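Work through the following exercises with the coordinates open, and try each task before reading its solution.

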Amino acid sequence: VKSSPNQTRVSLGRSIAGMAHNRALLAIIAAAIVLLLSMLMAGTMNVYLFMDYFKSKEAMSVAGLLQTACTLVLAPFSAVIAKKVGKKEASGVAVLFASLVYFLLFFLRIRNPWVFCVFVFFGNLGSGLFNLMVWAFITDVIDNQEVITGAREDGTVYAVYSFARKIGQALAGGLGGYMLSLIGYISSTEHVVQAPEVIERIYSVATLAPAICYFLVAMILILWYPLNKRRIAENAEKIKALRAKA
């Protein structure tokens, strides 16, 4: 009895070579790491932004709730959007929109925390859509790996992607603290009034860093990640043909 592509064993060398040539895998890893760096650093910086720049704990709590609200708003529609528009197409535009929102925040220098929260809500809608879809991207990447190697390597691709995300989380862990040190933030157990220029720098980093990172993610998805809606359909046909021959 012939084995199916799902049962075909592939050598480690061939598997690694396939992943090295899998542009979709490399692109989605890069996009996910940059997104993680942005989100984790923004999470750190926002604490100091609301405490020192806006001086509003209430607004900080609302901003956190709005981030959760974005996920709840997007969740019922993400699958429909992916099916009708395409994951690459929808995510690329959505993250580019998020970048635009944060560039606007950077240049507008908003002083009202509640207005800032409204802008952040719309920014989170853009980044949140990609964040919801990212694991669905991996399914397409696995299909692409099967087209390249002729073998189904779900576990290997998931493991490589998950490991890359862990590296991204490790890199981002101390990034917020490093940025605070770089802009001259004084950390103390006692109450310290930060210099006006330091407070302005906190705002700049909290808005410009996500703007740049989201722009990079959008460019990776639009220009580097190859699996658009048409290519995904072509891969599905190729896999069907591979399995028919088995």
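A residue is called buried when its relative accessible area is under 20%, and exposed when that area is over 50%. The model is a predicted one.

**Exercise 1.** Determine whether Cys70 is buried or exposed, and how many disulfides the structure holds.

*Solution.* Begin with accessibility: Cys70 has a relative accessibility of 2%, under the 20% limit, and therefore counts as buried. Cys213 is in no disulfide either, since its nearest cysteine sulfur, that of Cys70, is 18 Å away. The structure holds 0 disulfides. Cys213 is itself buried, at a relative accessible area of 14%.

**Exercise 2.** Describe helix H3 by its span, its kink and the helices against which its buried residues pack.

*Solution.* Helix H3 covers residues 57-84, and its 28 residues reach 41 Å from the first C-alpha to the last, close to the 40 Å expected at 1.5 Å a residue. At its N-terminal end, H3 is capped by Ser56, with a side-chain oxygen 3.1 Å from the backbone nitrogen of Ala59. Beyond the helix comes Gly86, whose phi is positive, near 110 degrees. The buried residues of H3 include Ala59, Ala63, Cys70 and Leu74, and the buried residues of this helix pack against H2, H4 and H5.

**Exercise 3.** Locate Pro113 and find which residues it touches, leaving out those up to four places away in sequence.

*Solution.* Pro113 lies in helix H5, which runs over residues 113-149. With a relative accessible area of 11%, Pro113 is buried. Its contacts are Phe54, Ser56 and Ala59. A further distance concerns Glu58, 55 residues apart from Pro113 along the chain, where the two C-alpha atoms are separated by 9.3 Å.

**Exercise 4.** Classify the ring pair of Tyr53 and Tyr203 from its geometry.

*Solution.* The ring centres are 4.7 Å apart and the planes make an angle of 35 degrees, so the pair falls between the limits of 30 and 60 degrees and is tilted. Tyr53 is in helix H2 and Tyr203 in helix H8, 150 residues apart, and both are buried. For another pair, Phe130 and Phe137, the centres lie 5.5 Å apart with planes at 80 degrees, so this one is edge-to-face. Ring pairs also link Phe50, Tyr53, Phe54, Phe116 and Tyr203 into a cluster.

Key. Residues are numbered from 1 along each chain as its sequence is written. This is a predicted model: local features need pLDDT of at least 70, side-chain atom pairs count only at pLDDT 80 or more; totals for chains, interfaces and linings use all residues. Side-chain values use heavy atoms; hydrogens and water are left out. Helices (H or I, at least four residues) and strands (E, at least two) are DSSP runs, numbered from the N terminus. Buried means under 20% relative accessible area, exposed over 50%, partly exposed in between (1.4 Å probe, protein chains only). Contact means heavy atoms within 4.5 Å. The expected span of a helix is 1.5 Å times one less than its number of residues. The bend at a residue is the angle between axes fitted to the seven residues ending there and the seven starting there. A polar contact is a pair of N or O atoms within 3.5 Å; within protein, one must be able to donate a hydrogen and the other to accept it, and residues adjacent in sequence count only if both atoms are side-chain atoms. A disulfide is a pair of cysteine sulfur atoms within 2.5 Å. Rings of Phe, Tyr and Trp (its six-membered ring) pair if their centres lie within 6.5 Å; planes under 30 degrees apart count as stacked, over 60 as edge-to-face and the rest as tilted.
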